[in-house]
Amino acid sequence: MHIPDAFLPIGQAIVYWIIALVFFALALRWAKRELNEARIPLVAVLAAGIFALQAFNLPIAMGTSGHLVGGALAAIVLGSPYGAVFILTLVLIIQGFIFGDGGITVMGANIINMGVIGGFVGFYSYKGLKAALGSPYISAGIAAWLACVIPALAASVELFIAGTFPLVPGLIAMGTYHAVIGVIEGAITAIALYLIATVRPDILELPAGAVAS
Amino acid sequence: MIELLASIERDAGGSSIIHGIDARIKLLVSIAVIVAAVAYPYAVSVYWFGLLFGGVLVILWAASRLSPRTYLQRFLMVLPFGFFLIVFQIFFKNPHYESFSPLFVLPAGMTIWTESVEFASILMVKFVICISCVILLSSTTPIHDLLRGARRLGLPSVVVLSLGMMVRYLFVFAGMYDRVGAALAAKNFHPLDASLPYRYRIRTLGYTIGMFFIRSYEQGERTYACMLSRGYGADCLDALPPKPFTAPERAALLFSFLFVVAGAVGCWVMTA
């Protein structure tokens, strides 16, 4: 899902950067308000954890594999979609500047897809589903699936607008692939959230049994 | 990817003329080359751009005294998604050309288009230059030098602090990743092993990831408490001493920017 450099023309890349910076400024305001001495390790560990999660290759079918995104997990654990924006931005900075995974000019688009869309879809669908279904873990699983598939579709649309990949094959390929990865991401998010809520409930900003207002 | 972190830092800690350059200069020049490569029009003259900057990158890599194998290993690691997008270009028409002529007609109604092959090669050149810049940058600059450089260039301290902490934890994770991998291998568990029930594999991975997170968090808490006791704190980067560019550094930066602009414009004008 990481769009690499050169796949978006510079003009479009700048537009995505501007949009991403607006959300990042809001996430920065969240970070300055929320990040005290006690919370810094959580945010840093969550960022490193999501980086590591993205390094885990998961089985899909016919010998293919994919990796998790982690936006929903970050938003749910930190109790804010801006937490996901902040954390995914940190992850993308390290991936882009140290490993060359993703890119520099396209980082704005990748922040929008995985951080903004992933974080907001993951967080608000979790809240809505939890109010409707009652189960925090099923809600987290479905929210994580949505937060995996919708950013992938957004990346396909961005590549189509850039003229670097056709729309329908892009939506089919990315949508199908991430719909499968999303099921695994949903299951693993639900299990990981269950484990955290059981072993270290103090870490969760939103208690798994409660719905944030 | 995470398992390569230690080797990247080992490479970055080497000594060469490239390693010795200020992190801010390497960061700014790398960004300039990447922006130039991306901004270069989708035209075949990008081959000359690729030749010029690819040649410069080869010289800089040789000057860094790192092995070509290191470059190839890191290049192959980030290749898959970009390579997928590039390879599939050849089967599709794109809005950058007005007409398309078939190069090969394949069974099942698939066609490889001449212009799409050309477009794929243009994307490949740009992609390789961008990736190579990042590989050179991170292989010759320790991560904490890059972060301090980014802070001096104006990146907010809360971001730099979080990135610095994240990188510390990445090393914790890398060690734990190896240990968890060895434990799973010792129990003959592999997530891609089709002989194991799918639900069992997913449940095991879920618990592994949850345990991985909690153990790392608890290790992180202890590490951070130790750092606080040694005077580290949320505002410690606000006191980072300023480090103005020296006159030779300013000259090197100016020359590099002029070279990037002149190289890109020159390739475009001479082949237009």
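Reader: How far apart are the end C-alpha atoms of α2(A), and what span should its 16 residues have?
Author: The end C-alpha atoms of α2(A) are 23 Å apart, and this agrees with the 22 Å that its 16 residues should span at 1.5 Å a residue. The expected span of a helix is 1.5 Å times one less than its number of residues, and helices (H or I, at least four residues) and strands (E, at least two) are DSSP runs numbered from the N terminus. Please keep in mind that this is a predicted model, in which local features need pLDDT of at least 70, side-chain atom pairs count only at pLDDT 80 or more, and totals for chains, interfaces and linings use all residues. Residues are numbered from 1 along each chain as its sequence is written, while chains are lettered from A and ligands numbered from 1 in the order in which they are written.

Reader: ok, and how many residues of α2(A) are buried?
Author: 16 of the 16 residues are buried, so α2(A) is largely enclosed by the rest of the structure. A residue is buried if 20 or more other C-beta atoms, placed from the backbone, lie within 10 Å of its own, exposed if 12 or fewer do, and partly exposed in between.

Reader: Switching topic: which element of chain A has the lowest mean pLDDT?
Author: That is β1(A), with a mean of 52, whereas helix α5 (residues 107-133) of chain A has the highest, 94; pLDDT is the predictor's confidence in each residue, from 0 to 100. Over residues 59-64 of chain A pLDDT stays under 50, and the model has 9 contacts beyond four places in sequence for them. Where pLDDT is low, the predicted coordinates should not be read in detail. Chain A as a whole averages 85, and 89% of the residues score at least 70.

Reader: And what about chain B, how many helices and strands?
Author: Chain B has 9 helices and 2 strands, which follow the pattern α-α-α-α-β-β-α-α-α-α-α along the sequence. Its radius of gyration, taken over C-alpha atoms, is 23 Å, while a compact globule of 272 residues would have one near 19 Å, by a rule of 2.2 Å times the number of residues to the power 0.38.

Reader: Which domains does chain B have?
Author: The assignment, which is automatic or from a database, gives domain 1 (1-142 + 243-272) and domain 2 (156-240) of chain B. The C-alpha centres of these two domains of chain B lie 31 Å apart, and 4 residues of domain 1 are in contact with 6 residues of domain 2.

Note on methods
Contact = placed C-beta atoms within 7 Å.
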